[in-house]
Amino acid sequence: MHLLRVMFIAAVFSSAALAETPEVFPLGQVIPKVECSANTKQSYALYLPSTYRKEIRHPVLFIFEPAARGPLPVRIIHEAAEKYGYILIASNNSRNGPFAPELEAAEAMWKDALSRFSIDPKRMYLAGFSGGARAAITFATACKGCIAGVAASGAGFPIGIEPKSANYFALFSAIGNEDFNFPEILELEPKLQAAGFTYHVRRFDGFHQWAPSEVWFEAFQWFDLQAMKSGALPENQTLIDDALKHSLQKAQQLSDEQKPYEAWRLYRQIVADFSGLSDVSKAKQTADTLSKLKEVKEAEKREHADADLQANLTAEIWQKISRLGDNPAEQQTNLRQLHNSLADLRRRADNEKDAQHAVVKRALNQEVVHAFETGSHYLDSKDYRNALVLYDVIVSIAKQAPGAHLQKARAYAGLNDSKQALEELRLAVRDGLLDPASLDQPEFAFLRASPEFKSILASVPPSNQ
């Protein structure tokens, strides 16, 4: 991974020639695809804020989307980027899977962007969602100081990297309350604290998803505050005072709403965020007082107990999914047990009277994703029948399953069953398939010339990614 650091440094110095670049990109607009000059197979979505000027160095956020949908996060983030003057660059090739293609996509995106645009080498940031978040943390760790910060949505550190060995960047972690990776971030926080990491954890109402637009305003503001602390950005006392005032008002509102645990978390975060920039003694005193409350201690214990429950709920199902392809003679029994277990979770997740329905919902989503990913491995190895077994289960449990229907279509096409493949594609569109590019799968090659396939493709709404 030493190559990454060399690559970053070389790219930064090569950007000195950008004044000679004749290209002009529209400002204040999301551009879905910009081809990399040196590798036209690679591309990225781009957003240049309206304040962009070639003669000024600008902060940049390089983005990794787990399904190679570069425009998707750019559309979510661009309003915040406009306010804070950040360039957004999101790879259209980087996706979950083998690391080599991810590295190729990152290298092409970085080199191209740093040669084309005026970028501040002290304010380069990475972002990602789910597997893309893990990729961003991997690259930032390997770079050893080239990256100022990472904004990670829906996931924490990848296997093999711990905070104590990766303290080279500031981490803004965003996680949905219903995200199945919520326990992972809960466990990560004390590790970050013990490692002396500069971090901010932002919880939001949502599931396993890119953090919503309003969270990104906070992320960029936080990155700017950290840049002021490090000297990469001149101190702006007005911005500091306004940010602190707004944060204190939110914390007080939580207290007024009888949410002492949430208020304690925010006051504690305020102390970490603004220490060295402003007087936070009162916030610290309030945080210390709240930490002693019985309600706060019980709420913290309850979160950890919920995480343990989620682990217990998912462990048995995880084993059933893993065993499905082992013994054909036992497959029907294992399949029935798996279906019953997931159906039970679905009933509990839908029952809001169940005191644990939120945790059960996280467990259900976790195992549906696990089943989906296992099915993808079967597809990649051309084990189409076992793939169908898993996606049948997902379709029977999920209320809408465009992705599972699409994967079933791939499996049927791999088995040369064109009738069933086309039917599953119709069901995928019915359930909300929004990306025509998702039909560009190798298994569909023999179907593309058929009128039925062309009709289905034409019925997919234009991708808004």
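Reading helices and burial

Guide: The crossing of α14 and α15 is left-handed. A crossing is called left-handed if the near helix is turned anticlockwise from the far one by less than a right angle, and right-handed if clockwise. This is a predicted model, in which local features need pLDDT of at least 70, side-chain atom pairs count only at pLDDT 80 or more, and totals for chains, interfaces and linings use all residues. Residues are numbered from 1 along each chain as its sequence is written, and side-chain values use heavy atoms, with hydrogens and water left out.

Visitor: At what angle do helix α14 and helix α15 pack?

Guide: Axes are lines fitted to C-alpha atoms, for helices over the stretch in contact, and angles run from 0 to 180 degrees between N-to-C directions. Helices (H or I, at least four residues) and strands (E, at least two) are DSSP runs, numbered from the N terminus. Here α14 (residues 402–414) and α15 (residues 418–430) pack at about 170 degrees, with axes 8 Å apart. That makes α14 roughly antiparallel to α15; the cut-offs are under 35 degrees for roughly parallel, over 145 for roughly antiparallel, 65 to 115 for roughly perpendicular, and oblique for the rest.

Visitor: Which residues of α14 and α15 make the contact?

Guide: Contact means heavy atoms within 4.5 Å. On α14 the contact is made by P402, H405, L406, K408, A409, Y412 and A413, and on α15 by Q420, A421, E424, L425, L427, A428 and R430. By class, this contact of α14 with α15 has 9 nonpolar, 2 polar and 3 charged residues. Ala, Val, Leu, Ile, Met, Phe, Trp, Tyr, Cys and Pro count as nonpolar, Asp, Glu, Lys and Arg as charged, and the others, Gly among them, as polar.

Visitor: Are α12 and α14 roughly parallel or roughly antiparallel?

Guide: Helix α12 (residues 357–380) packs on α14 at about 20 degrees, with the axes 11 Å apart, and the two are therefore roughly parallel. Their crossing is left-handed. F372, S376, L379 and D380 of α12 meet G403, A404, Q407, R410 and A411 of α14. The contact of α12 with α14 has 4 nonpolar, 3 polar and 2 charged residues.

Visitor: Where does D431 lie, and is D431 buried or exposed?

Guide: D431 is in the loop between α15 and α16 (451–459). At 10% relative accessibility, D431 counts as buried; buried means under 20% relative accessible area, exposed over 50%, and partly exposed in between (1.4 Å probe, protein chains only). Leaving out residues up to four places away in sequence, D431 touches Q400, A401, P402 and H405.

Visitor: How far apart are the end C-alpha atoms of helix α3?

Guide: The expected span of a helix is 1.5 Å times one less than its number of residues. For the 18 residues of α3 (residues 99–116) that gives 26 Å, and the end C-alpha atoms are 26 Å apart, which agrees. The buried residues of α3 are E102, A105, A106, A108, M109, W110, D112, A113, L114 and R116.

Visitor: What does F62 touch?

Guide: F62 sits in strand β3 (residues 58–64) and is buried, at 0% relative accessibility. Not counting residues up to four places away in sequence, F62 touches I89, M109, W110, A113, L114, I119, M124, Y125, L126 and A127.

Visitor: Is R265 buried or exposed?

Guide: R265, in helix α8 (residues 260–274), is buried, with a relative accessible area of 13%. A272 is also found in α8, and at 45% counts as partly exposed.
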